[in-house]
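Hi,

Here is the model I promised to pass on.

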Amino acid sequence: ERNNRSEEQVSGAKVIAEALRTQDVKYMFGVVGIPVIEIAVAAQELGIKYIGMRNEQAACYAASAIGYLTGRPGACLVVSGPGLIHALGGMANANMNCWPLIVIGGSSEQSQETMGAFQEFPQVEACRLYSKFSVRPSSIEAIPSIIEKAVRSSIYGRPGTCYVDIPADFVNRQVNANSIKYVECCMPPPVSMAETSAVRMAASVIRNAKQPLLIIGKGAAYARAEASLRKLVEQCKLPFLPTPMGKGVVPDNHPNCVSAARSRALQFADVIVLFGARLNWILHFGLPPRYQADVKFIQVDICAEELGNNVRPAVTLLGDINAVTKQLLEEFDKAPWQYPLESTWWKTLREKMKSNEAASKELASKRSLPMNYYTVFYHVQEQLPRDCVLVSEGANTMDIGRTVLQNYLPRHRLDAGTFGTMGVGLGFAIAAAIVAKDRNPGQRVICVEGDSAFGFSGMEVETICRHNLPIILLVVNNNGIYQGVDTGTWKEMLNFGETATVAPPVCLLPNSHYEQVMTAFGGKGYFVQTPEELQKSLRQSLADTTKPSLINIMIEPQATRKAQDFHWLTRSHM
Ligand code: ADP
Ligand code: MG
């Protein structure tokens with residue numbers, strides 16, 4: 001018997017699958033083909049859930065959302081050359097968002113390197129710009145430790161993408177099972193805390209603030225800092241502003257949430273504490289005119305290189321957000337303090353919130369047809385289950401939707417993110433629905449897409465139907481990118497002898513029946529033009545927990561957002 005065991009053989013594919021499982025990777029998304037089919041099969045045999053998608057880009061977006069939602073990386077499995085290149089978009093997006101992700105790419109045969117092998121491409125080099133770590137194991141025996149390092153690197157420090165390249169001839173090559181040493185699952189990321197003196201200084205700057213503001217970013221959501229941050233907000237009675245994906249860490253309907261006075265809050269705050277939010281374009285770089293020139297920033301981040309970007313911070317707190325927030329709480333416990341609710345700052349913010357909310361309510365109540373964005377989102381908001389995962393993308397759809405659609409729970413909003421990526425929606429929704437199935441049955445995923453955004457990976461509707469994921473897709477359809485034209489104008493244009501090649505580049509085919517993409521695969525499709533039809537179709541979609549649906553919502557092709565105070569707001573994505 002002992003002899004038999006020493007001769008037991010194992011394929012490279014099985015070693016990869018076992019190594020991933022050992023590192024607690026539970027989900028794999030991909031598109032199979034030569035040379036990776038056997039890897040997907042081996043993963044399934046070990047209980048890793050494999051979700052086959054229709055394009056590597058969407059598969060990679062899906063895998064990356066797993067990392068954000070669960071804190072453990074998902075895997076994306078792709079074939080060599082073009083397969084890997086399609087996945088680069090997902091790798092870049094994850095890395096920009098600071099989300100953990102493992103990409104396993106098949107590559108051409110090692111023995112044919114530089115000979116012009118099938119789909120040969122310098123993959124390890126290509127991935128370097130899109131990842132923290134990009135490597136090809138030198139042998140099958142090296143795979144377990146390389147995969148452990150990839151998984152560990154993806155979650156330690158600032159999270160990000162890691163790439164492991166697998167030559168085609170490794171996949172089916174058999175090696176002696178005894179020669180493979182699996183590496184124990186890497187430990188959870190070590191928790192780092194800020195310097196005590198810096199914590200003390202931060203608390204003192206906050207205490208002395210006249211117009212303080214906390215900004216809660218998606219780093220705080222990823223760090224699972226919801227309980228400590230909520231405590232800080234409530235104990236010190238501080239106003240807070242979530243970034244788009246920071247929404248829900250502390251609920252949007254919390255009395256201290258000042259989202260509806262966002263511009264005002266940013267412009268006049270004298271002390272801003274950043275919890276896992278970078279001073280990039282999303283926060284207007286922390287510079288005037290959107291901020292006071294002398295605003296004091298306190299940055300809380302796990303990545304030292306982030307501290308001091310674009311501004312000279314008053315205090316830097318290097319460490320894990322949850323741990324650092326607890327340090328701040330301890331500091332405030334020593335000498336309890338609250339920001340006075342009767343301050344002029346609170347008064348200003350409340351007044352601004354009131355008038356902004358009234359302005360969007362007015363737009364929402366417009367009875368004219370076709371509907372505008374606000375009308376659509378108000379009706380959606382009315383029926384949204386509190387615990388649903390909201391996925392959203394599309395320029396106006398995402399920007400306006402964010403102001404109306406509420407999040408009550410952390411990590412329940414996924415959108416175009418730091419990289420402003422369009423095309424992420426269906427992949428994200430699929431990942432969220434797969435996680436919901438395992439961890440929170442009954443939870444709904446609602447994916448609010450612009451018509452243009454939907455087009456980037458519309459064929460993933462087949463994946464949704466194949467896996468029977470009860471996702472509700474809303475396509476807010478204005479016949480174009482940013483804006484389109486109505487059917488009449490479109491016909492007129494073509495009657496003038498013009499062809500679609502000279503139509504405004506923002507135009508898409510008017511009145512497209514996107515809901516038929518869903519019915520083609522057995523899901524439910526609705527084409528709606530009125531608030532009543534929208535309400536009814538949404539009610540039916542929510543009631544049916546077994547089937548996906550797509551509601552194609554026709555809106556005014558020239559509809560835009562409400563008038564902004566500042567001219568520079570009209571074209572920005574915020
Ligand atoms: P947003 O888009 O919401 O503004 P960003 O993606 O710009 O957020 O910023 C997130 C920040 O959070 C990144 O700088 C990242 O380094 C940081 N971060 C991620 N995880 C943690 C953590 N556990 N503790 C502290 N900071 C973290
Ligand atoms: Mg559109």
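Over residues 397-553, what share of the chain is helix, what share is strand, and how far apart are the end C-alpha atoms? The chain there is 40% helix and 16% strand, with 11 Å between the end C-alpha atoms. (Helices are DSSP runs of H or I with at least four residues, strands are runs of E with at least two, and both are numbered from the N terminus.)

Some housekeeping: this is a predicted model, so local features need pLDDT of at least 70 and side-chain atom pairs count only at pLDDT 80 or more, while totals for chains, interfaces and linings use all residues. Residues are numbered from 1 along each chain as its sequence is written, chains are lettered from A and ligands numbered from 1 in the order in which they are written, and side-chain values use heavy atoms, leaving out hydrogens and water.

**Annotated domains**

The stretch I asked about, 397-553, carries the UniProt annotation "domain: Thiamine pyrophosphate enzyme TPP-binding", from an unreviewed entry. UniProt, again in an unreviewed entry, puts "domain: Thiamine pyrophosphate enzyme N-terminal TPP-binding" at residues 11-124; that part is 46% helix and 18% strand, with its end C-alpha atoms 22 Å apart. The unreviewed UniProt feature "domain: Thiamine pyrophosphate enzyme central" spans residues 200-328, where the chain is 30% helix and 18% strand and the end C-alpha atoms are 8 Å apart. Bear in mind that such annotations may be inferred rather than shown by experiment.

**Ligand 1**

There are 21 residues around ligand 1, and Lys218, Thr243, Arg278, Asp301 and Asp320 come nearest (near means a heavy atom within 4 Å). By class the shell has eight nonpolar, seven polar and six charged residues, with Gly counted as polar. Helix α10 (residues 218-222) gives the most to this shell, with three residues.

For polar contacts (N or O pairs within 3.5 Å), a side-chain N or O atom of Asp301 is 2.5 Å from an oxygen atom of the ligand. Arg158 has a polar side-chain atom 2.8 Å from a ligand oxygen, and an N or O atom in the Asp320 side chain is 2.8 Å from a ligand nitrogen. The protein covers 97% of the 580 Å² of accessible area that ligand 1 has on its own (Shrake-Rupley, 1.4 Å probe).

Most residues other than glycine have a negative phi, and most peptide bonds are trans. Here are the places to check. Pro288 and Pro289 are joined by a cis peptide bond, omega about 10 degrees, and Pro289 lies in the loop between β11 (271-275) and β12 (296-301). The bond from Leu369 to Pro370 is also cis, with omega near -10 degrees; Pro370 is in the loop between α14 (344-364) and α15 (373-383). Gln119, not a glycine, has a positive phi of about 55 degrees and is found in the loop between β5 (101-107) and α6 (123-128).

Cheers

Notes:
A polar contact is a pair of N or O atoms within 3.5 Å; within protein, one must be able to donate a hydrogen and the other to accept it, and residues adjacent in sequence count only if both atoms are side-chain atoms.
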